[in-house]
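Please read the numbered points below alongside the model.

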Amino acid sequence: MRLITCRNISAGYGEGDIIKGLSFEVQPGDYLCVVGENGSGKTTLMKAILGLIKLSGGEIVYGDGLNRREIGYLPQQSNIQKDFPATVREVVLSGCLNKLGKRFFYGRNEKRIAEENMKRMNILHLADHCYRELSGGQQQRVLLARALCATSKLLVLDEPVTGLDSATAEEMYLLIDKLNKEGITVIMISHDLGEVYHHADKILAFDRDVFFGSVEEYVKGKRVKVHD
């Protein structure tokens with residue numbers, strides 16, 4: 001069963017559509033990278049999938065029991081977010097907000113989920129540390145743990161390695177690979193084509209003509225050399 005089906009979707013921000021007539025499908029277990037120049041429609045697509053903006057045309061269908069409110073989202077960090085004055089535990093727990101329903105406080109189940117995901121990201125020892133005092137790589141692990149608290153099916157990641165040094169970025173890519181191999185579907189915006197070739201299995205490229213297909217097909221069509 002398809003996890004997400006985009007059927008002829010169009011979307012923008014009031015001054016005309018940035019995405020026009022886009023169709024593609026995401027299957028459970030896919031690792032899809034979305035690439036393209038700034039302003040090409042990558043972030044617009046993410047926001048449409050998350051329900052943060054309305055479509056001006058077409059439809060997005062969620063399948064395989066996926067609820068749009070249960071998508072884990074890791075946004076690209078701003079300087080304000082990096083300076084957020086909360087503990088790691090509080091940031092990670094906030095990923096469980098949609099599980100509260102009409103409750104005002106986190107219960108035992110939400111706290112258990114947060115602890116499990118802190119362990120998963122190897123940051124449990126940082127639980128009581130202030131988020132803004134962490135390194136960039138540690139902050140990204142915290143945000144990934146937060147996203148995992150919202151989902152067991154789909155992660156949407158917006159430039160998750162921006163600002164990280166090469167070694168820390170590779171650690172983040174390996175973490176994402178591991179989550180994908182554990183069965184979590186990944187949709188990731190990236191500008192790093194070299195890493196896309198090595199980690200993703202599908203690519204949605206906003207070039208002159210939109211391309212959707214396997215990474216191998218894209219590399220062959222572009223005649224790109226991929227280095228180890």
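1. Leu32 stands opposite Lys202 in E8, and this pair belongs to the parallel pairing of strand E3 (residues 31-36) with E8, which extends over five bridges.

2. The model is a predicted one, in which local features need pLDDT of at least 70 and side-chain atom pairs count only at pLDDT 80 or more, while totals for chains, interfaces and linings use all residues. Residues are numbered from 1 along each chain as its sequence is written, and side-chain values use heavy atoms, with hydrogens and water left out.

3. E3 and E8 are members of an open sheet of six strands with mixed pairing, in the order E5-E6-E7-E3-E8-E9. E5 and E9 are its edge strands, each pairing on one side only, and neighbouring strands are turned by 15° against each other on average, direction ignored. Angles are taken between N-to-C directions and run from 0 to 180 degrees, with axes fitted as lines to C-alpha atoms, for helices over the stretch in contact.

4. A separate point concerns the open sheet of three strands, which has antiparallel pairing and the order E2-E1-E4. Strand E2 (17-26) and strand E4 (57-62) each have a single partner strand, so one side of each is left without a neighbour in the sheet. The twist averages 20° from one strand to the next. Five bridges join strand E1 (residues 4-12) to E4, and Ile4 stands opposite Tyr62 in E4.

5. Helix H1 (residues 42-50) lies across E1, E2 and E4, running at about 60° to E2, and H1 also lies across E3, E5, strand E6 (154-158), strand E7 (185-189) and E8, at about 145° to E7; contact here means heavy atoms within 4.5 Å. Seven of the nine residues of H1 are buried, among them Leu45, Met46 and Ile49, where buried means under 20% relative accessible area, exposed over 50% and partly exposed in between (1.4 Å probe, protein chains only). H1 is followed by Gly51, whose phi is positive, near 80°.

6. The largest pocket has a volume of about 320 Å³, and of its 14 lining residues the closest to the centre are Ile71, Tyr73, Asn98, Arg146 and Ala150. A pocket is an open set of points on a 1 Å grid over the protein atoms alone, where a 1.4 Å probe fits, with protein on both sides within 12 Å along at least five of seven lines, and lining residues have an atom within 4 Å of a point; the volume is the space filled by probe spheres set on the points, which are joined across faces, edges and corners. Strand E5 (72-74) and helix H5 (136-150) are the elements that give two or more residues to this lining, and H5 provides the largest share, three residues.

7. Asn8 has a positive phi of about 50° although it is not a glycine, and its place is in strand E1. Asn122 has a positive phi near 60°; Asn122 lies in the loop between helix H4 (108-120) and H5 and is exposed, with a relative accessible area of 55%.

Definitions and conventions:
Pairing = 2+ DSSP bridges. Helix = DSSP H or I, 4+ residues; strand = E, 2+ residues; numbered from the N terminus.
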